[in-house]
Amino acid sequence: MTLWSITVLCALLALGLFGLWVFVLILGPNRMFRGTVVERMYFWVTESLPNKIERWARSGVGDAIAARAEQMWMVLFGRRNPLFQIIAVLLYWTGVAVFFVQAAPYIPNRYVSSWQWLPIGTTLVANIGCYIAACATDPGVVHDRNVGSACRLFDYDKLLYFERDCRTCKLRKPARSKHCSTCQHCVQMMDHHCIWLNNCVGLGNARWFLGFLATFSTVCFYGAYLVGTVVLEQRQLRGLTSGAVIWDEWGQPIQLSFKSSILYILDDCPLLAVLFVLLLILAPAIGVFTAYQLRITMLGYTSNEESKWVNIADAIKDGVVFAIRESSSSPHEAIRVIEKENQEEIDGHLCRPITHLQQVPNMYDRGAWNNLKFVLLSARSAPKTHLQ
Ligand SMILES: [Zn+2]
Ligand SMILES: [Zn+2]
């Protein structure tokens, strides 16, 4: 094994671990991975490991230095700062530069024609445009000038959202909003805080975030395909097709199989190899995340609301969720959580226990296409969603 092979192998291993880390962090908390190894890995990465490191640091270096490290951690992760945004932009442009220097000279080739430069350019421009817009657009920050209109946008369902003030902002909390502890404000229809955008994702920029994910997964899949064709083209140009013979450093002949000819080229172009593997790891990870984000958008909830729905599912299991009618003649039922100690007051004629999450309507769901249209086109000027 040459030094280059070992370096490339280490780089690929590091990239693989990085890809797994991103995958676990992004998808670990989601409902579809409940009770699986992905969820266990998520808790290990976000809770057990930091706690272990903290205990180890306190015993090894003393409380004063550990407290300083904690402060540093808060500066890096607890408050809004552009560090991860800068890392993301640098990695992105390094990838683009490697593509243009090492792959672009071999496009067109015998597998792709020159017209492919049109979709290549369009996808890159769309992706970069969506990223800038997602970073720079106001996600829907609630402040004293817009709190009235923000509160009128959605009704409180009295299940996930109740009329109350934010303890930090001291303003009324609109339904579907959440306080971002990183940015220190409430955001309308908050999805999550994204360290890679250094911004919250909410009502104002959800369309750009979705656009960014869709174009970024296209960039990764398309990029992996194009780099793949360049590797195959190089294999042809260098005469390394199956059965060809090369000589190793001791002058011994090696007959190449398809796999060894590909590995030979990747070994010879390590930067292209790293880009290729990174794209192959990122493409399915970002693709799954895009599909997940599209799915919850079309189902009419946000990532933040997904965890609230998980809590409702747990409450149903605990037998504390009921459908309540105002009177025996009223067909309308309101879904409410009634804790065990208050259940003695329940009138059996007007209440029925909820046994499954599917029996609980999501009042913010307007139907798949309307939900998508709402996020993509009309979030700002949307009419109020009324209680049924
Ligand atoms: Zn707040
Ligand atoms: Zn935020």
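What percentage of the 388 residues in the protein chain do buried residues make up? The answer is 43%. Keep that in mind as you look around this model, which is predicted.

**Stop 1: the whole chain**

Start by showing the protein chain as a cartoon. Now think about who touches whom. Among contacts with a separation of 6 or more, 64% are between residues 24 or more positions apart.

**Stop 2: the zinc ion called ligand 1**

Select ligand 1, a zinc ion, and display the side chains of Cys166, Cys169, His179 and Cys186. These residues coordinate the zinc ion through SG, SG, ND1 and SG respectively, at 2.1 to 2.3 Å. The angles among the 4 donor atoms run from 102 to 120°, and the site is tetrahedral. For tetrahedral donors, the ideal angle at a metal is 109.5 degrees. Read along the sequence, the donor residues of ligand 1 have the spacing C-x2-C-x9-H-x6-C. Cys169 sits in the loop between helix H6 (147-153) and S1, while His179 is in strand S1, so this pair ties together parts 10 residues apart in sequence.

His179, at 15%, counts as buried. The cut-off for buried is under 20%.

**Stop 3: the zinc ion called ligand 2**

Next, select ligand 2, which is also a zinc ion, with Cys180, Cys183, His193 and Cys200 as its protein donors. The donor atoms are SG of each of these cysteines and ND1 of His193, lying 2.1 to 2.3 Å from the zinc ion. Here the angles among the 4 donor atoms are 98 to 123°, and this site is tetrahedral. The spacing of the donors of ligand 2 along the chain is C-x2-C-x9-H-x6-C. One pair to highlight is Cys183 and His193, which links distant parts of the chain, 10 residues apart. Cys183 is in the loop between strand S1 (178-180) and strand S2 (185-187), and His193 is in strand S3 (residues 192-194). Cys183 is buried, since its relative accessible area is 13%.

**Stop 4: Gln85 and its contacts**

Now select Gln85, in helix H4 (residues 83-103). Gln85 has a relative accessible area of 18%, so it is buried. Which residues does Gln85 touch, not counting those up to four places away in sequence? They are Tyr131, Cys135, Ile195, Trp196, Leu197 and Asn198.

**Stop 5: a pair of helices**

Colour helix H7 (residues 206-237) and helix H9 (residues 270-299). Their axes come within 8 Å and cross at roughly 150°. That angle makes H7 roughly antiparallel to H9. The crossing of H7 and H9 is left-handed.

**Stop 6: Glu326**

Finish at Glu326, in the loop between strand S7 (321-325) and strand S8 (333-337). Buried or exposed: how does Glu326 count? Glu326 counts as exposed, because its relative accessibility is 68%. Setting aside neighbours within four places in sequence, Glu326 is in contact with His332 and Leu350. To end, select Gly19 along with Glu326: the two are 307 residues apart along the chain, and their C-alpha atoms are separated by 52 Å.

Conventions
Residues numbered from 1 in each chain as written. Chains lettered and ligands numbered in written order. Predicted model: local features only at pLDDT ≥ 70, side-chain atom pairs only at ≥ 80, totals over all residues. Heavy atoms only, no water. Donors = N, O, S within 2.8 Å, 3.2 Å for Na, K, Ca; no water. Tetrahedral: all angles 85-135°; square planar, octahedral: opposite > 155°, others 65-115°. Helix = DSSP H or I, 4+ residues; strand = E, 2+ residues; numbered from the N terminus. Buried < 20%, exposed > 50% of the residue type's maximum accessible area, 1.4 Å probe, protein only. Contact = heavy atoms within 4.5 Å. Axes fitted to C-alpha atoms, helices over the stretch in contact; angles between N-to-C directions. Parallel < 35°, antiparallel > 145°, perpendicular 65-115°, else oblique. Left-handed = near helix turned anticlockwise from the far one by under 90°.
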